[in-house]
Amino acid sequence: MDVRRPKVALEEAYLHPADVARVLSDEAALVQLSDGGGVTTDYYRPILQRLGDFDEARLRSMDEAGIAHAILSLTAPGIQRIVDPGKAATQARLENDFLAERIAEHPERYSGFAAVALQAGAEAAAEARRAVTELGFKGVLINGYTNTADPNVGLYLDEPSLYGFWEAVCELDVPVYLHPRPALPGGLAAYAGHPEMKGATWGFGTETASHTVRLLLGGHFDRFPSCKLILGHMGEGLPALLWRTQNMFELNRFDKRLKKTLPEYFADNIWLTTSGNFSDSALTNAVLTVGADHIMFSVDYPYSESAPAAAWIDRAPISELDRRKITHGNARDLFQLRLDSSPHRRLP
């Protein structure tokens with residue numbers, strides 16, 4: 001490992017070991033969870049086992065890849081799947097306390113993103129404050145839209161009921177990571193007979209990109225100009241589509257009026273990670289579109305492997321200055337991390 005270039009990863013998932021054990025012992029639950037995520041049970045079974053590990057396997061994977069520090073978060077769909085606001089708020093608090101305990105066992109290696117119950121906006125704001133100010137978490141991760149009592153209706157991040165939540169995270173000056181989940185039932189019609197399309201193969205990216213464009217064109221970043229949003233998977237395809245989206249919006253604004261262009265919002269408010277998208281062309285396009293200052297390395301562990309992700313970024317066709325920014329510099333600055341690059345001990 002090149003000690004001059006430690007890596008920080010920040011789309012790294014976990015699931016409570018009790019939930020892992022419950023799903024692995026119940027084939028019907030495993031099938032349901034796999035189908036909901038657009039994966040096969042053969043793929044998901046070993047992933048589940050690694051989701052519940054915080055010690056040997058995860059740390060070994062980090063060490064082999066030269067990952068100094070990982071920011072962990074509850075895997076999708078997480079709290080967003082719970083309909084009842086009270087249950088969601090209680091579960092979010094329990095998950096954050098559990099994650100804080102795991103971080104305390106390896107404080108130099110791990111930090112956390114908070115889970116919050118957007119089903120109850122005031123509770124979400126309060127839990128974000130508690131997680132950041134008391135537990136030391138680095139921000140909040142939201143797994144897409146939030147379920148409601150109507151299975152065909154989701155709560156998206158631009159809803160007025162969530163303005164208090166956004167005010168809280170802006171005041172805390174921490175980012176919100178928007179993580180994918182499958183589309184609502186009405187959005188799955190195009191995938192009928194094609195379960196392979198619902199998840200990360202295709203559906204995750206289109207759902208999350210649409211959620212982000214909704215925020216952009218709906219004036220979210222004008223309402224909350226200091227808001228910081230993070231997108232994984234090299235921006236869910238948006239860097240490649242940004243020019244066309246901006247151009248067609250200018251021709252078809254309807255009732256929407258924005259203070260900036262979409263590229264300007266990306267420059268001011270949105271960061272990308274490389275999670276699960278280890279492509280030279282995608283990285284080059286993202287650097288040219290949004291700039292290396294707003295790109296951060298990530299793996300998407302355990303859904304992707306750490307070693308190939310690290311090997312790729314170490315040889316990607318970018319400048320060494322940009323490589324240092326992407327591997328650790330941007331994350332260090334955004335999250336105010338302290339990174340010790342001593343070669344005589346495990347990197348924190």
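# Charges and rings in a predicted model

Me: Happy to look at this predicted model with you. Arg181 is buried yet has no salt bridge, so which side chain of opposite charge is nearest, and how far away is it?

Reply: Good place to start. A salt bridge needs the nitrogen and the carboxyl oxygen within 4 Å. Arg181 is buried, and no partner forms a salt bridge with it. The nearest side chain of opposite charge is Glu207, at 7.3 Å.

Me: Which side chain makes a polar contact with the side chain of Arg181?

Reply: Arg181 sits in the loop between β7 (176–179) and α8 (203–217). Its side chain reaches the backbone oxygen of Gln80 at 3.4 Å. The side-chain partner, at 2.8 Å, is Asn147.

Me: Turning to the rings, is the pair of Phe165 and Trp166 stacked or edge-to-face?

Reply: The count of aromatic pairs comes to 11. For Phe165 and Trp166, the ring centres are 5.4 Å apart and the planes stand at 65°. Planes over 60 degrees apart count as edge-to-face, so this pair is edge-to-face.

Me: Which residues form one aromatic cluster with Phe165 and Trp166?

Reply: Phe165 is buried, and so is Trp166. The cluster that holds these two also takes in Tyr163 and Phe224.

Me: How many residues apart in sequence are the parts that Phe278 and Trp312 tie together?

Reply: Their ring centres are 5.7 Å apart with planes at 40°, so the pair is tilted. Phe278 lies in the loop between β9 (270–273) and α12 (280–290), while Trp312 belongs to helix α13 (residues 306–315). The pair therefore ties together parts separated in sequence by 34 residues.

Me: Among the salt bridges, how far apart are the closest N and O atoms of Glu105 and Arg102?

Reply: The structure holds 23 salt bridges. Glu105 and Arg102 both lie in helix α5 (residues 85–105), 3 residues apart, about one turn of the helix. Glu105 is partly exposed at 43% relative accessibility, whereas Arg102 is buried at 17%. Their closest N and O atoms are separated by 3.0 Å.

Me: And how many residues apart in sequence are the parts tied together by Lys228 and Asp173?

Reply: These two form a salt bridge with closest N and O atoms 2.9 Å apart. Lys228 is in the loop between α9 (220–223) and β8 (229–231), and Asp173 is in the loop between α7 (163–172) and β7. The separation in sequence is therefore 55 residues.

Note on methods
Residues are numbered from 1 along each chain as its sequence is written. This is a predicted model: local features need pLDDT of at least 70, side-chain atom pairs count only at pLDDT 80 or more; totals for chains, interfaces and linings use all residues. Side-chain values use heavy atoms; hydrogens and water are left out. Helices (H or I, at least four residues) and strands (E, at least two) are DSSP runs, numbered from the N terminus. Buried means under 20% relative accessible area, exposed over 50%, partly exposed in between (1.4 Å probe, protein chains only). Lys and Arg count as positive and Asp and Glu as negative; His and the chain ends are not counted. A polar contact is a pair of N or O atoms within 3.5 Å; within protein, one must be able to donate a hydrogen and the other to accept it, and residues adjacent in sequence count only if both atoms are side-chain atoms. Rings of Phe, Tyr and Trp (its six-membered ring) pair if their centres lie within 6.5 Å; planes under 30 degrees apart count as stacked, over 60 as edge-to-face and the rest as tilted.
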